[in-house]
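Thanks for coming, everyone. Let me put the structure up, and then we'll walk through how its parts meet.

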There are 2 protein chains.
Amino acid sequence: MELWFSEYQTKNVKLSFRVTDVIYTKQSEYQYISVFDTEDFGRVLALDDTVMLTTKDEFIYHEMISHIPLLTHGNAAKVLVIGGGDGGTVREILKHPVKEINLVEIDHEVIETSKKYFPAVSCGLSDPRVKIFCEDGIEFVKKHSGYDVIIIDSTDPIGPAVGLFSSQFYKNVFEALNDDGIMVAQTETPILFGDLIKRIYTDMSATFPYTNLYSAVIPTYPGAFWTFTMGSKSINPISQEISDIPFLETKYYSRELHKSYFVLPPFVKDIISK
Amino acid sequence: MELWFSEYQTKNVKLSFRVTDVIYTKQSEYQYISVFDTEDFGRVLALDDTVMLTTKDEFIYHEMISHIPLLTHGNAAKVLVIGGGDGGTVREILKHPVKEINLVEIDHEVIETSKKYFPAVSCGLSDPRVKIFCEDGIEFVKKHSGYDVIIIDSTDPIGPAVGLFSSQFYKNVFEALNDDGIMVAQTETPILFGDLIKRIYTDMSATFPYTNLYSAVIPTYPGAFWTFTMGSKSINPISQEISDIPFLETKYYSRELHKSYFVLPPFVKDIISK
């Protein structure tokens, strides 16, 4: 029996993986969770039939969403992650000398699923520095503050995550950050969603003195050329000195490229400046 | 009627595009050529059901396979392209002050197809500096020499292109190059084909004093994280001074990143040094 999982990356593009084993499926309060093993990309976590992570390439996304803001800040003690219930981002943050991580994941089933089926991804969730809140991140940032770095490790801007891509949300995040605070959000691909990236960049720029895009290749995400948008209250990421960056054990992130990640290809510059 | 084109990127991964129009199909002497329009990636050229280019993202591949070796050389007059019958690589080379380009494409049907259906890609093929040879590139390099840069713009290492990934071929290319000559080949993705990349790197290093990998994101190629391997007879690409690089009109390649392209993520360094 041939089993395939297909994700509609857009209405018109599908990426399909041959499935060797369906491990777990569950309809949670918020989304349809599935875990399955594939021949080429290892184990996959999908939410509403959208790939969140594969054990083959998750390191790229998790390293890039964490190390860039944390190393740009240079001295983060308290970090907030919104979304990210799989724990991959927390695992990477724990490579830094932080004091406290708050993880706000709306769906506790995602956390349980990752703990059970993705031990190498969720391993940091039991660290004593990590406090988990199963709440809506949009409400959470209105009531909490004092963060050095806030990471928006969300699903795509449809369904429950829509509010995480709004200009009011960026304002609330700004208020929840310390004076030298930095936020970063995963912001999709310029290959397919240029208009969205332009809107996010414009909205974040209206609130933060420094707004910068950086990118990474994520083979299993639509368009593969993935962006992150970073807002900073007082630190200019472009003036970060390479010599100040401590060594981290990573597989994709490279210290030598820290500044280069912020240099955008001309076609992406065109999108955000048009 | 829903029409989809699916490419088996491996036996276990498929990328599919919704097709709005099938424009042209032909079984040539060497391969099955198809041209079709898609909703999200524009017009596509496929050979044996493998995507060669889409009008949406072809600029990335063609810029990166051309500008990196040409700018590293700095003064190329005579350039050889093996494969590349669509003309995209030639179009980019013509942005440099070269005197002569030889294009050796085994399948003249690819050239005719591109001229007819991809005018914005094939536009350089009628330039008076371009000489087209419809021959086997493997034999061609044994009989011709005097090139400053040789670009191997081949299909995947199956079928007619196998010989273009062999150590004897790299030796012949070395002989066909001038003393400061540079070759580059498209060399697939480390996400899925690490062993192949390691073998190419080892083979090319055995012949060329300087062998360097660089990468680019190509959304419609397997794994999307694409590599190019460059062999140089006397110029060390890493010592290239940024200030020496002239401005080129590009959409992906960025002068500022010229040196950064050669900095590999740790997981790729591991693959070639293991």
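**How the parts meet**

Between domain 1 of chain A and domain 2 of chain A, the count is 1 salt bridge. Keep in mind that this is a predicted model. So what are these two domains? The assignment for chain A puts domain 1 at 4-54. Domain 2 takes in two stretches, 58-238 and 250-273.

Now the partners in a salt bridge of chain A. Glu109(A) pairs with Lys26(A). Their closest N and O atoms are 3.1 Å apart. Check the bounds: Lys26(A) is in the 4-54 stretch, and Glu109(A) is in 58-238.

How far apart are the C-alpha centres of the two domains of chain A? The answer is 22 Å. In terms of contacts, domain 1 of chain A brings 23 residues, and domain 2 of chain A brings 20. Together they bury about 1,900 Å². Carbon and sulfur atoms account for 69% of that area. Which residues of domain 1 of chain A lose the most area to domain 2 of chain A? They are Gln9(A), Tyr30(A) and Leu53(A). Those three make up 27% of what the domain 1 side buries.

Next, chain against chain. Chain A puts 38 residues in contact with 38 residues of chain B. The two chains bury about 3,200 Å² between them. Here 66% is on carbon and sulfur atoms. How many salt bridges are counted between chain A and chain B? There are 2. Glu256(A) also forms a salt bridge with Lys269(B). For that pair, the closest N and O atoms are 4.0 Å apart.

Last topic: a helix pair. Start in chain A. Helix α6 covers residues 167-176, and helix α7 covers residues 194-207. They pack at an angle of about 35°. Their axes are 9 Å apart. Is the crossing of α6(A) and α7(A) left-handed or right-handed? It is right-handed. From α6(A), the contact uses Ser167(A), Tyr170(A), Lys171(A) and Phe174(A). From α7(A), it uses Ile200(A), Asp203(A), Met204(A) and Thr207(A). By class, that is 4 nonpolar, 2 polar and 2 charged.

Now chain B. The axes of α6(B) and α7(B) come within 9 Å. They cross at roughly 35°. The crossing of α6(B) past α7(B) is right-handed. On the α6(B) side, we find Ser167(B), Tyr170(B), Lys171(B) and Phe174(B). Facing them in α7(B) are Ile200(B), Asp203(B), Met204(B) and Thr207(B).

Methods. Residues numbered from 1 in each chain as written. Chains lettered and ligands numbered in written order. Predicted model: local features only at pLDDT ≥ 70, side-chain atom pairs only at ≥ 80, totals over all residues. Heavy atoms only, no water. Axes fitted to C-alpha atoms, helices over the stretch in contact; angles between N-to-C directions. Helix = DSSP H or I, 4+ residues; strand = E, 2+ residues; numbered from the N terminus. Left-handed = near helix turned anticlockwise from the far one by under 90°. Contact = heavy atoms within 4.5 Å. Domains from an automatic or database assignment. Buried area = accessible area lost by both parts, 1.4 Å probe. Salt bridge = Lys/Arg side-chain N within 4 Å of Asp/Glu carboxyl O. Nonpolar A, V, L, I, M, F, W, Y, C, P; charged D, E, K, R; others polar.
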